[in-house]
Amino acid sequence: MTHPMRLLVTGASGFVGGRLWERASPAGHEVVGLGRRRLDRPDYLSVDLGVVGAEDLPDLPWRPDAVIHCAARATPYAPRKAYERDNMIATQTVVDWCARLGEPRLVHVSSSSVLYRDGDQLDLTEDTPLPGEFANDYARTKAASERIVRTYGGSWVIARPRAVFGPGDTVLFPRIIAAAKAGRVPRLTGRTTPAVGDLIYVDNLADYLLQLAGRPELGGVYNLTNAEPVEIQAMLLDVIGRLGFAPPTRDVSLTTAMRAATVLERTWRILHLPGEPPITPYGVGVLSWSKTFVPDRMLQDLGAPAVSVAQGVEEFVAWQREQL
């Protein structure tokens, strides 16, 4: 339990920021949420951080003790300029705004994807070097946002959550569930052992971010997971089955899936097609390659996650059934 704080949460109309906002007020914190969408709440500001300068941002009712910057473009596909605007320019605006606000503590929500390269990666740590070439524009611009935060004159910390899931998810599971409803989810083949990966339940992430906001002695980078790697395909097939969708019957090799995803993504970019391609190389990689993290720093400084992966999946499935 952290002491009561005055918090500004960016991205409050999104998945992670919204969940954090919901949990912070009952925990005794005063919170103002900020996001792109319009919400009819007195403690919310509708602002697009990617298009306004720090000098144009509205006044707050108080000086915040901490700013938790969750706002981002987190989709697996978007125009490059959209990633740069919402992940880089918006972060620079937040850093400039924090300087104007008297340098409150800044908690920056980045992404574990800044570490990814093609293939399995086991036991990643906070000291693992960033790759020479990033997995996609999302990872590239999140890495750039981290560099911006490191220039901040006040106290800062960078959180890198891995595969956030839970009620309200708009990125990880919804695309797979939509594909399952349409009968378009194959079984990926071509590995000799199942791909395993870390995830983090959204409430665990929110609790960790509140801790990081209230503990200025913690700095640098934290990889945040549930410290409980799972077999990715087995977990997804379990969720698909519990939601009542037919299991996939078509086998597709990892190589074939990656080639098809690469062609589709290039076609979308070259022709400037609207929306997202049905599958991206990044999406295939999430399902097919192992990505695990050493959780020692997180466990030592922030404690064990309160909600297990199994409990989180139960909560997600119950919420998802209400959406069907």
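Which residues of H1 are buried? The structure is a predicted model, in which local features need pLDDT of at least 70 and side-chain atom pairs count only at pLDDT 80 or more, whereas totals for chains, interfaces and linings use all residues. Residues are numbered from 1 along each chain as its sequence is written, and side-chain values use heavy atoms, with hydrogens and water left out.

Helix H1 spans residues 15–24, where helices are DSSP runs of H or I with at least four residues, numbered from the N terminus. Its buried residues are Phe15, Val16, Gly17, Gly18, Arg19, Leu20, Trp21 and Ala24, buried meaning under 20% relative accessible area, exposed over 50% and partly exposed in between, with a 1.4 Å probe and protein chains only. With eight of its 10 residues buried, H1 is mostly covered. Glycine 18, found in this helix, counts as buried at 12% relative accessibility; leaving aside residues up to four places away in sequence, glycine 18 touches Gly11 and Ala12, a contact being heavy atoms within 4.5 Å.

Rings of Phe, Tyr and Trp (its six-membered ring) pair if their centres lie within 6.5 Å, and planes under 30 degrees apart count as stacked, over 60 as edge-to-face and the rest as tilted. By this rule there are five aromatic pairs. In one of them, the rings of tyrosine 83 and tyrosine 138 have centres 6.3 Å apart and planes at 50 degrees, so the pair is tilted. This pair links distant parts of the chain, since tyrosine 83 lies in helix H2 (residues 80–100) and tyrosine 138 in helix H3 (residues 137–149), 55 residues apart. Tyrosine 83 is buried, with a relative accessible area of 1%, and tyrosine 138 is buried with a relative accessible area of 10%.

Finally, leucine 273 is found in the loop between helix H7 (254–271) and helix H8 (281–288), and is partly exposed, with a relative accessible area of 31%.

How values were computed:
Helices (H or I, at least four residues) and strands (E, at least two) are DSSP runs, numbered from the N terminus.
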